[in-house]
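Have the structure open while you read.

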Amino acid sequence: MTATLTPRPDASARPARPVRRIGLVGWGAIGRVVGTALAEGHIPGAELTCIIDNRPLVDAPAPQLSFEDALTVCDLIVEAAGQAVVREWAERVLNSGADLLIASTGALVDPELTGRLRAAGPGRVYFTGGAVGGLDLLQAVRGLGPLTSVTLTTTKLPATLHQPWMDAELTERLRTTTEPVEVMRGTARDVPVKFPKSTNVAASVALATGDPALVQVVVVADPAATLTRHVIEAAGPHGTYRFEVAHRPDEANPATSQVVPHAVLRSLGAVVGRAGQIL
Ligand SMILES: NC(=O)C1=CN([C@@H]2O[C@H](COP(=O)(O)OP(=O)(O)OC[C@H]3O[C@@H](n4cnc5c(N)ncnc54)[C@H](O)[C@@H]3O)[C@@H](O)[C@H]2O)C=CC1
Ligand SMILES: O=C([O-])CC(=O)C(=O)O
């Protein structure tokens, strides 16, 4: 059989990819590194158009705008501010037509919000892998069928895990312990809500594997954890998987690992169509 296929248009006749105008939400441990790299032109195809933060910024490399104003000038919003920002703004970003790259994936354990984001558009939503690796492969494994078990064990310095809901006894234990303390064991549906600034990775593992209730999460506070450690173990009928990372924490915000802004930049490169990326 001879197929009649339309020849691909000549490369010179194809429209050049437009430079994406980036609005960065959050000028903190992640945002400063991402914004500086963008302003220095490290991601071809992406330019830093504005920064959104609820604190006044000095010496930022782009104008500070309100969220409303940013949505009139940006075509891609990068969230590096916190789960509350995702809850409040994600749907509006997507409905405005801008794409959205989310770091605070923990907000997505709320099925109601996730459902609304699925229905929102025409903007498209993306999630960075953030502090953990292997999510691309775990997402690919889903093509073979569901996994039967997924576990994430996160170990951090005690001070980075302290939360306002903790009682006096646990607070004191975290302050004085000389040994590792298991502070929570639950599923990826429960844990990111309890540790909103330090266990987004649990939600990211759930986004990759498809079922937050299947992902068992153990959160350990260890005064000896100069490196933040995340261990993902998964199994299914087609194989077993184990990914372990140990990161130096950010100096100003030790709840966040130093690698995270670089993971955001890598994700951003992929979204804007940078060549030579591992997808
Ligand atoms: N997916 C992952 O692996 C990781 C995700 N994260 C997420 O990224 C978020 C940001 O992390 P960092 O940069 O380390 O935090 P940070 O605390 O150093 O900086 C957050 C910045 O966002 C701003 N901000 C907070 N709420 C805001 C709001 N409602 N509107 C505008 N600006 C707001 C703050 O003023 C601050 O400048 C974390 O809260 C966490 O949810 C953090 C680490 C890893
Ligand atoms: O940076 C990290 O290692 C992980 C983190 O804070 C998070 O998952 O929210």
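## Annotated regions

Let's start with what the database record says. UniProt, in an unreviewed entry, lists residues 178-264 as "domain: Aspartate dehydrogenase". What you're looking at is a predicted model, and over residues 178-264 it comes out as 22% helix and 37% strand.

Over residues 26-120 the chain is 43% helix and 16% strand. Here the end C-alpha atoms are 23 Å apart.

## Helix 3 against helix 4

Now for a helix pair. Helix 3 spans residues 83-96 and helix 4 spans residues 111-119; they pack at an angle of about 15°, and their axes are 9 Å apart. Angles under 35 degrees count as roughly parallel, so helix 3 and helix 4 are roughly parallel to each other. The crossing of helix 3 past helix 4 is left-handed.

Which residues make the contact? From helix 3 it is V86, R87, A90, E91 and L94, and from helix 4 it is L113, R116 and L117. Sorted by class, the contact has 5 nonpolar and 3 charged residues, with no polar ones.

## A stacked aromatic pair

Searching the whole structure turns up 2 aromatic pairs. One of them is F67 with W89, and this pair is stacked: the rings are 4.0 Å centre to centre, with 5° between the planes.

Where do the two partners sit in the chain? F67 belongs to helix 2 (residues 67-73) and W89 to helix 3, so to speak a link between distant parts of the chain, 22 residues apart.

Two spots in the backbone deserve a look. As background, most residues other than glycine have a negative phi, and most peptide bonds are trans.

You'll find D59 in the loop between strand 2 (46-52) and helix 2.

The other spot is a peptide bond. Is the bond from G121 to P122 cis or trans? It is cis, with omega near 20°. P122 lies in the loop between helix 4 and strand 5 (125-127).

Definitions and conventions. Residues numbered from 1 in each chain as written. Chains lettered and ligands numbered in written order. Predicted model: local features only at pLDDT ≥ 70, side-chain atom pairs only at ≥ 80, totals over all residues. Heavy atoms only, no water. Axes fitted to C-alpha atoms, helices over the stretch in contact; angles between N-to-C directions. Helix = DSSP H or I, 4+ residues; strand = E, 2+ residues; numbered from the N terminus. Parallel < 35°, antiparallel > 145°, perpendicular 65-115°, else oblique. Left-handed = near helix turned anticlockwise from the far one by under 90°. Contact = heavy atoms within 4.5 Å. Nonpolar A, V, L, I, M, F, W, Y, C, P; charged D, E, K, R; others polar. UniProt positions renumbered as here; feature names shortened; annotations may be inferred. Phe/Tyr/Trp six-rings, centres within 6.5 Å; stacked < 30°, edge-to-face > 60°.
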